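Thanks for making the time this morning. I would like to walk you through a few pieces of helix packing and some individual residues, so please keep the picture in view while I talk.

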Amino acid sequence: MNIARRPRVGHIAFLNCLPIYWGLARTGALLDVELHRAAPDELSRRLVAGDLDIGPITLVEYLRHADDLLLIPDPAVAADGPVLSVNLVTRTPLADLPAAPRVSLASTSRTGVLLGRMLLEDRYGRAPEYTVTAPDIGSALNGADAAVLIGDEALRVHHDPDGLHVLDLAAEWKDWTGLPMVFAVWAVRREYAEAHPGLVKDVHLAFRDSVQRSREEIDEVVASAARWEPFPPAALAEYFERLQFGLGERHLAGLREFASRASRYADMAPSAAQLTGRELALRADGPEFFVPLGEAREP
């Protein structure tokens, strides 16, 4: 990539994305991009605002802005069953949760927030009162009956619940719909893809190869993570094994099902100030993928 400005690429600051970026560091591909590390919602905001060219975006924000973006088929963050790090944490068993529980949205991903709402309201028949809190379990359960928690803090509570009850929301989605849950996708701004298709292809291939390399070197990935993360190697190996980083046909079916159900939640943000004014919707033929000129997307 020999250009004046390297592609501005987002990087989710969570452990679950280590396998996605592992190979970029090993091959030197990081030198070809300008990497920006932040929480999921912040990266989504930057991509939508045009402050990033390519990057991860929470599924909810992708649905809001699908007309401005093209999906890159690899990578993604998904799970076909338990994911361990997107949880509803409750003080009591779910069956004992009040009819109108106080629920903290301690998540930095609107997809995790909306999935929690769907399950609580549509599947379990509750009418929660929501508040937004810091993404740590102490703040989240201060005066609340339950909390939606994602990322490394959710994984920590999964392994050390300390008397709390932990419901894996990806497992609940799979039980409810029979489909995988897609939490985040990687997308490119439409105008950037039109102006620089070769660069976008290079970034896509670098990510695809990075994920493949992490699978081949998973023992090294686990050992590297275990040096600085508060989880034993066996827990990290299980976590990385459950995560899925591509968009197959079943993942796309899960994405479309989520989009269909999400369309009823135009008010999904807990505060009116956070609303974007766009519907959560997907065109009938969506999602639309980036495809280099002269190539066809593999099924």
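This is a predicted model: local features need pLDDT of at least 70, side-chain atom pairs count only at pLDDT 80 or more; totals for chains, interfaces and linings use all residues.

Helix α1 and helix α9 are roughly perpendicular to each other, a word used here for angles of 65 to 115 degrees. The axes of α1, residues 18-27, and α9, residues 197-216, cross at roughly 100° and come within 7 Å; these axes are lines fitted to C-alpha atoms over the stretch in contact, with angles running from 0 to 180 degrees between N-to-C directions. The helices themselves are DSSP runs of H or I with at least four residues, and strands are runs of E with at least two, numbered from the N terminus.

Residues are numbered from 1 along each chain as its sequence is written, and side-chain values use heavy atoms, with hydrogens and water left out.

Which residues make the contact between α1 and α9? On the α1 side they are P19, I20, Y21, W22, G23, L24, R26 and T27, and on the α9 side A206, F207, S210, V211, R213 and S214, where contact means heavy atoms within 4.5 Å. Those residues divide into eight nonpolar, four polar and two charged, with Ala, Val, Leu, Ile, Met, Phe, Trp, Tyr, Cys and Pro counted as nonpolar, Asp, Glu, Lys and Arg as charged, and the others, Gly among them, as polar.

Staying with α9, the buried residues are L199, V200, V203, H204, F207, S210, V211 and S214; buried means under 20% relative accessible area, exposed over 50%, and partly exposed in between, using a 1.4 Å probe and protein chains only. Seen down the axis, they fall within an arc of 140°, so they line one face of α9, the arc being that of the directions from the helix axis to the C-beta atoms.

Helix α1 has another partner, α10, residues 218-226, and these two pack at about 100° with their axes 11 Å apart. Here L18, W22 and R26 of α1 meet E220, V221, S224 and A225 of α10, a contact of four nonpolar, one polar and two charged residues.

Turning to α2, residues 40-49, we find P40, L43, S44 and L47 buried, and because they cover an arc of only 105° around the axis, they sit on the same side of α2. Among the elements that cover them are β1, β2, β3, α3, β4 and β10. After α2 comes G50, with a positive phi near 90°.

Finally, some backbone details. The peptide bond from D74 to P75 is cis, with omega near 5°, and P75 lies in strand β4. L84, in the loop between β4 and β5, has a positive phi near 80° without being a glycine, and at 3% relative accessibility L84 is buried. D162, in the loop between α6 and β9, also is not a glycine and has a positive phi of about 50°, but D162 is exposed, at 68% relative accessibility.

Definitions and conventions:
Angles under 35 degrees count as roughly parallel, over 145 as roughly antiparallel, 65 to 115 as roughly perpendicular and the rest as oblique.
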